[in-house]
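Please walk me through this structure in plain terms. I would like to begin with the whole chain and then look at single residues.

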Amino acid sequence: MASRSIYVETLIDADVDAVWAATQDTRQHVRWDVRFSEIVPEPADTDGAARFTYVRRSALHDVHGTGISIGERLRDDGTRTSALRFATDDRLSPIRTGRGYWRYVPTDDGRTRFITGYDYDSGWGPLDLVVRPLLGWATAWSFDRLRVWLEGGDEPEAWPLTSVLAVWRRDRPRASRTRRAPVGGTRRADHLRDAPATLATLARPGGTS
């Protein structure tokens, strides 16, 4: 994996059930997460792991890949987690294989702290010095897009990526509203150290071009 994993955290004024529903349902996931254009679920494994295929479309090229995830809704500490591995054999993709997690932490006042940590093998070599910060920004922007929606603002489709140019709109999603490192930590830390144990149980999915 690359030397610097990506971490994003946001606090959403919505209960954990609402955040879970908006992120675990693949139809809802692609509405707010700019990193994916389409996610198609496949039959689940016998251990409950869910498989899926994904597409990231662009004007120049569409990247296709596969993934596997497993969620935990009933944890002793009251949190929920979702672990994920993904892969593609598309030589034009900036990401070859990756792994990460989502963590859902309910707060005492009914809100949800939504956290991700992930890392990947780069497909573009030294160009990852440019790609990685852009992926971190896209993740953070998507998390705030989700927050805006679940807190009663406009639906995700009202905020296409081009809306970042609408600087006069104070209500637009902003990556800067998220936290990019844990409290007391740094961006360059290994943010997979706190991944749920389920991540280690997931098999590497096969890529698809």
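Among contacts in the protein between residues at least 6 apart in sequence, what percentage join residues at least 24 apart? The share is 58%, where contact means heavy atoms within 4.5 Å. This is a predicted model, in which local features need pLDDT of at least 70 and side-chain atom pairs count only at pLDDT 80 or more, while totals for chains, interfaces and linings use all residues. Residues are numbered from 1 along each chain as its sequence is written, and side-chain values use heavy atoms, with hydrogens and water left out.

The protein contains 3 helices and 7 strands. Helices (H or I, at least four residues) and strands (E, at least two) are DSSP runs, numbered from the N terminus. Read from that end, the order of elements is β-α-α-β-β-β-β-β-β-α. The C-alpha trace spans about 45 × 40 × 35 Å along its principal axes. A compact globule of 209 residues would have a radius of gyration near 17 Å, and the protein, with 16 Å, agrees with this. That radius is taken over C-alpha atoms, and the globule rule is 2.2 Å times the number of residues to the power 0.38. Of the 209 residues, 44% count as buried. Buried means under 20% relative accessible area, exposed means over 50%, and partly exposed lies in between (1.4 Å probe, protein chains only).

Helix α1 covers residues 16-24 and helix α3 covers residues 128-150; their axes come within 11 Å and cross at roughly 125 degrees. That angle makes α1 oblique to α3. Angles under 35 degrees count as roughly parallel, over 145 as roughly antiparallel, 65 to 115 as roughly perpendicular and the rest as oblique. The axes are lines fitted to C-alpha atoms, for helices over the stretch in contact, and angles run from 0 to 180 degrees between N-to-C directions. The crossing of α1 with α3 is right-handed, a term used if the near helix is turned clockwise from the far one by less than a right angle, and left-handed if anticlockwise.

Which residues of α1 and α3 meet? From α1 come A18, V19, A22 and T23, and from α3 come L146, W149 and L150. By class, this contact has 6 nonpolar residues, 1 polar residue and no charged ones. Here Ala, Val, Leu, Ile, Met, Phe, Trp, Tyr, Cys and Pro count as nonpolar, Asp, Glu, Lys and Arg as charged, and the others, Gly among them, as polar.

A22, in helix α1, is buried at 4% relative accessibility. Not counting residues up to four places away in sequence, A22 touches Q28, H29 and W32, as well as L146, W149 and L150. The C-alpha atoms of A22 and W32 are separated by 8.8 Å, with the two residues 10 apart along the chain.

Strand β7 holds T116, which is buried at 3% relative accessibility. Beyond four places in sequence, the residues that T116 touches are I6, Y7, V8, Y101, W102, T139 and F143. T116 and R103 are 13 residues apart along the chain, and their C-alpha atoms are separated by 6.3 Å.

H191 belongs to the segment after α3. Is H191 buried or exposed? With a relative accessible area of 5%, H191 is buried. Its contacts, leaving aside neighbours within four places in sequence, are S5, I6, Y7, Y101, G117, P182 and T186.

Two loop residues remain. W124 sits in the loop between β7 (112-122) and α3 and is partly exposed, with a relative accessible area of 35%. Apart from neighbours within four places in sequence, W124 is in contact with R91, L92, S93, P94 and V131. D62 is in the loop between β3 (50-56) and β4 (63-72), and at 31% relative accessibility D62 is partly exposed. With neighbours within four places in sequence again left aside, D62 is in contact with V55, R56, R57 and D90.
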